[in-house]
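Thanks for coming, everyone. Let me put the next structure up, and then we'll walk through it.

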Amino acid sequence: MGNSCSGLPPDCEIIVKTGDVKGAGTDANVFSALYNEDGTRSRDLNLDCKWKNDFEKGSVDRFKVHCGLPPGRLHKIEIWRDDSGIGDDWYVEWIKVKNLHPGSDEVIFPCNRWVKAERKLVLTEYDCVLPQFDECKEQRKKELEDKRDVYRLSRKAPGIPKQIESCPRDESFSNDYKWNIQQTKYKLAVKCKLAKLTSDPWETLDDMSNLYKGSLNLPYGYFNWKEDSNFGRQRLQGCNPTLIRLCMEIPENFKVTAEMVEPFLEGITLEEAMKNKKIYIVNLKKLTEIMCRFNRVICKPMALFFVNGRNELMPIAIQLFQKPAEDNPVFLPSDPKYTWMLAKMYYNNSDAAFHQSCTHLGLTHLVAETICVGTHRQLSPSHPVFRLLAPHFLYLLAINSLALAKLVAPNGWIDNTMTTGSGGLMELVSQCWQNWRMDIDGWLPSDLEARGVDDKEAFPNYPYRDDALLIHEAIYTYVREVLEAFYDSPEKLTDDYEIQNWGHMLADPEDGLGIKGVFGGGKFTDLEDLIKAVTTIIFISSVGHSAANFAQYDEYAFPPNYPAFLRGKPPTSKEPLTEKDIIDSLPVKDMTLDIIIVTKILSDRGTNALGDFEVQYMYDPRGTKPVEKLRKRLLEVSDIIAERNKSRPFPYPYLDPKEVPNAISI
């Protein structure tokens, strides 16, 4: 522990937490000065402990010093360093100062910044202030100018959301080895004694089951995958549960007739079933223009579903391509067993393509990334909204950089194990992004209403909807309490030039992010619009990603259940097929192993549960008190979901708040 250099007895203790980001520690000389509430400044304080290496990455260092200030509450701190030493860069998470006078309180100065050489950084208590009230406006302005040089936007493929040009150092994982997907994949294969599979096709389905050993447990998709009820359940609680919608009218190009499907409607007509909100549809027409790698064939299917008397969603018709033709029949549950089975598998192959490209990559990873970069460019780290959002961006840019390098790059996992390949995947992202709206697709209540699935009486068994709504309401309440505390008058919002610039950037299609449907059009004059925008961002980064990501092993890891890749061609007639036809359509052995292991890695949780922040950014009581309420509410929600799962035919664990991370970190 450091001691006073002045020879006088120490009257305060300065505690410094160096951050846990890559390269955070410093060997430079570090100095500080303190101010009390009337503006009196202490002498310069050299923070140095002679018998230890101070300011190492992740360390907490304590220095007892004599600052000479009279008793009373401290107001702000100056911190600076020189450029001496081999490693002089320094990232500070927070500084706490204990006034050693009796009855004095500890004061915290959150930092969450790099401290630059020979530039004094001034921090006030809690470091959480609207820009118009900041005492250090020039410092704040200069800081944002510096961040815009680091957080540069780049559109890396036509039509997709803008991304970070290159990953900044403070966004890198502190332990890169933990996130080395290729290395983890190899180690997992060796551990399970599966590293030497050949590229031969499977001989039987039972042969495939021998893959699941050790930590590769049998995925849920292994069980009941042949059943129609399982196929319907995938639309409601699989990894792509946001496409199902109420069918009010059969599309003209979907050549299903009432006579075809009425045998599956439990004695009512198709017209009656539609009138009673019992008919639902998924139409994957967005795949129509997608070009797949090596000219692989991907279907552009439509599927019709019926809510039966047991409240199960049952498939009643599948058409694999959009254009009606003699070789594009409407497949029915009454067709030959393996013909109907293969039609379902080809539908799921297309659903998987949409899931990985849009539901997962495009509309969680990339949407969150573009907003993250825009936030760094427009909001100071001292801004309350920055501190509110920052825990939900943790590791996001790092995992996206790794994913694009390892999974989506040419000859990466997507190219080799998914029908579209990476080129087709990015084309699909572009198509979805052109139509995505924050106020509809990103706002859960509006999305459910737009799809006609908000009626719990007509559509009672929809686990994604029911669990997601609970967490959405908890997040909305939390965000509202925080923002109402900081914006307690309309003028504070309209005069906040940083938040207005941020809103403009979100919506601006030219120089900004080009997000459609930003609440308030990006002009935050009504606090409710800002509350909804922030709620949407947190929801996408936590719940939205969890729903799309953590079911991947259970869905994909047994390929007949949810095939990312199929060999051969889709069925073009209702001629009877055999089990061998099913097996011959499946990925070969080594590709199957690749799918199993990567989806296992992607389904693992890497960070803390929602509300339990890895890094604390908010220390202001106006923010910390709502966090405590949020945590309490999420525990209640967890109990509600646990009770629901006891009575559900198949549990839906992916949106239990204990299983939902704060950010997209895998």
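Into which domains is the protein chain divided? Domain 1 covers 12-127, and domain 2 covers 170-242 + 354-665. Keep in mind that this is a predicted model. The centres of the two domains, taken over C-alpha atoms, lie 39 Å apart. The contact draws 15 residues from domain 1 and 15 residues from domain 2.

Now the interface. Domain 1 and domain 2 bury about 1300 Å² between them, with 50% of that on carbon and sulfur atoms. On the domain 1 side, Lys22, Asn112 and Tyr126 give 39% of the area buried against domain 2, more than any other three residues.

What about polar pairing? Between the two domains, four residue pairs are in polar contact. The elements giving two or more residues to the domain 1 side are β6 (91-99) and β7 (106-114). β7 has the largest share, six residues. By class, that side holds eight nonpolar, one polar and six charged residues.

How many salt bridges cross the interface of domain 1 and domain 2? One. Aspartate 127 and arginine 387 also meet in a salt bridge, at 2.6 Å, N to O.

Next, salt bridges over the whole model. The count comes to 42. Take aspartate 20 and lysine 57, paired at 3.2 Å. Aspartate 20 sits in the loop between β1 and β2, and lysine 57 in the loop between β3 and β4, so the pair ties together parts 37 residues apart in sequence.

Arginine 41 is in the loop between β2 and β3, while glutamate 78 is in strand β5. Arginine 41 is partly exposed at 31%. Glutamate 78 is buried at 9%, because the cut-off for buried is under 20%.

Arginine 437 is partly exposed at 32%, and aspartate 439 is partly exposed at 21%. There is also a network: salt bridges with shared partners join Arg41, Asp44, Glu78 and Lys120.

Last stop, leucine 527. This residue is in helix α16, residues 527-549. Leucine 527 counts as buried, at 18% relative accessibility. Beyond its sequence neighbours up to four places away, leucine 527 touches Leu483, Glu484, Tyr487 and Leu493. Methionine 291 is 236 residues away in sequence from leucine 527 and 44 Å away in space, C-alpha to C-alpha.

Notes: Residues numbered from 1 in each chain as written. Predicted model: local features only at pLDDT ≥ 70, side-chain atom pairs only at ≥ 80, totals over all residues. Heavy atoms only, no water. Domains from an automatic or database assignment. Contact = heavy atoms within 4.5 Å. Buried area = accessible area lost by both parts, 1.4 Å probe. Salt bridge = Lys/Arg side-chain N within 4 Å of Asp/Glu carboxyl O. Polar contact = N/O pair within 3.5 Å; in protein donor to acceptor, adjacent residues only side chain to side chain. Helix = DSSP H or I, 4+ residues; strand = E, 2+ residues; numbered from the N terminus. Nonpolar A, V, L, I, M, F, W, Y, C, P; charged D, E, K, R; others polar. Buried < 20%, exposed > 50% of the residue type's maximum accessible area, 1.4 Å probe, protein only.
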